[in-house]
Amino acid sequence: MAESSSAPSMVASGTPLPLIGKSEIKPTWCPGCGDYGVVAAVEMALKRLKIPSHEVVFVSGIGCSSNLPHFLSSYGYHGIHGRSLPVAEGIRWANHGLTVIATGGDGDGFGIGVGHFIHTMRRNVDLTYVTMNNQIYGLTTGQASPTSMMGQKTKSTPDGVIENPIDPVALALASGATYVARGFSGEVKHLADLIANGITHKGFALVDTMSPCVTYNKLNTFDWFRQRVYKLENAGHDPTDIVKAWPLALEWGERIPIGLFYRADRPTYEQLEEVLAQGPLTKQSAGLKGQGRLLDEFL
Ligand SMILES: Cc1ncc(C[n+]2csc(CCOP(=O)(O)OP(=O)(O)O)c2C)c(N)n1
Ligand code: SF4
Ligand SMILES: [Mg+2]
């Protein structure tokens with residue numbers, strides 16, 4: 001997160017800087033879409049952390065969920081399908097004084113973007129990734145996604161899905177993410193806590209959010225989740241223990257855990273990279289350092 005975000009959000013005159021709020025653009029999501037709960041939770045988390053609006057950048061790919069940056073009063077970059085994470089990484093490398101939040105859907109992040117997902121986690125880039133996982137391609141009107149359950153009938157799988165779904169939580173544990181959580185958009189305050197803690201965490205934070213598509217996924221509905229979800233913190237889970245996190249990450253069916261699976265302290269990419277370790281590039285003087293040494297080597 002932004003190095004400056006723990007400081008009071010004030011200008012010299014003592015006037016508070018504007019915090020994040022709703023933008024003038026109203027969501028175009030279907031009434032009842034799970035993503036309304038996610039945008040509410042994101043706004044709640046950032047207001048609580050008092051990070052000024054101009055120090056936050058949302059980055060998304062393509063999909064219904066990827067429209068999220070439009071609906072909040074901060075900076076946003078609505079890019080191309082599956083590429084939210086490389087853009088978010090680039091923003092962090094250019095100016096890691098900013099709080100960077102990547103958002104998007106299960107198709108965007110775990111289908112076309114899955115390679116970026118893995119590499120960003122193993123680098124432990126200090127950003128937060130809030131996915132809106134509805135287990136379907138919503139924007140393109142209801143095809144199976146990489147997280148659709150086996151057997152599910154969709155527009156692209158009329159006889160049922162025959163591919164094993166990706167488990168984003170397990171994949172994150174295996175790839176070296178240092179904050180791994182699952183939320184549910186029907187539990188907005190709980191989700192806001194997970195997002196706020198993900199933002200303050202130093203390192204890559206995944207908050208995979210079960211966010212039902214009420215129009216095209218008639219299987220994984222709000223009711224379906226309400227009958228199954230339980231909170232890890234109420235079950236006494238110790239999130240610093242990766243061995244205990246594994247069976248919980250694999251639990252999916254009659255009971256579905258939400259909450260924090262795993263958290264670890266590991267140096268971030270920004271701390272380990274020699275130049276970035278000296279502070280945000282935007283605060284460093286431009287120009288080549290040590291050019292004399294380089295020329296000596298080549299001449
Ligand atoms: C390169 C590329 N391939 C395919 C598409 C078509 N496309 C747009 S959104 C999307 C999937 C969206 O699903 P998801 O990311 O789960 O978002 P949701 O709409 O469910 O929120 C696809 C396949 C595209 N825009 N660009
Ligand atoms: S199609 Fe589904 S994911 Fe897209 S806005 Fe409608 S309910 Fe939400
Ligand atoms: Mg989706």
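Mentor: One term to begin with: helices (H or I, at least four residues) and strands (E, at least two) are DSSP runs, numbered from the N terminus. This is a predicted model, where local features need pLDDT of at least 70, side-chain atom pairs count only at pLDDT 80 or more, and totals for chains, interfaces and linings use all residues. Residues are numbered from 1 along each chain as its sequence is written, and side-chain values use heavy atoms, with hydrogens and water left out.
Trainee: Ok! Which helix gives the largest share of the shell around ligand 1?
Mentor: That's helix H3 (residues 106–112), with 4 residues.
Trainee: And how many residues surround ligand 1?
Mentor: There are 16, and the closest are Cys64, Ser65, Asp108, Gly138 and Leu139. A residue is counted if one of its heavy atoms lies within 4 Å of the ligand.
Trainee: Which polar backbone atom is 2.8 Å from an oxygen atom of ligand 1?
Mentor: One of Cys64. A polar contact here is a pair of N or O atoms within 3.5 Å. Asn134 has a polar side-chain atom 3.0 Å from a ligand 1 oxygen, and for a backbone N or O atom of Gly138 the distance to a ligand oxygen is 2.9 Å.
Trainee: New topic: is Phe298 buried or exposed?
Mentor: Exposed, because its relative accessible area is 68%; buried means under 20%, exposed over 50% and partly exposed in between (1.4 Å probe, protein chains only).
Trainee: Where does Phe298 lie?
Mentor: In helix H10 (residues 291–298).

Terms used:
Chains lettered and ligands numbered in written order. Polar contact = N/O pair within 3.5 Å; in protein donor to acceptor, adjacent residues only side chain to side chain.
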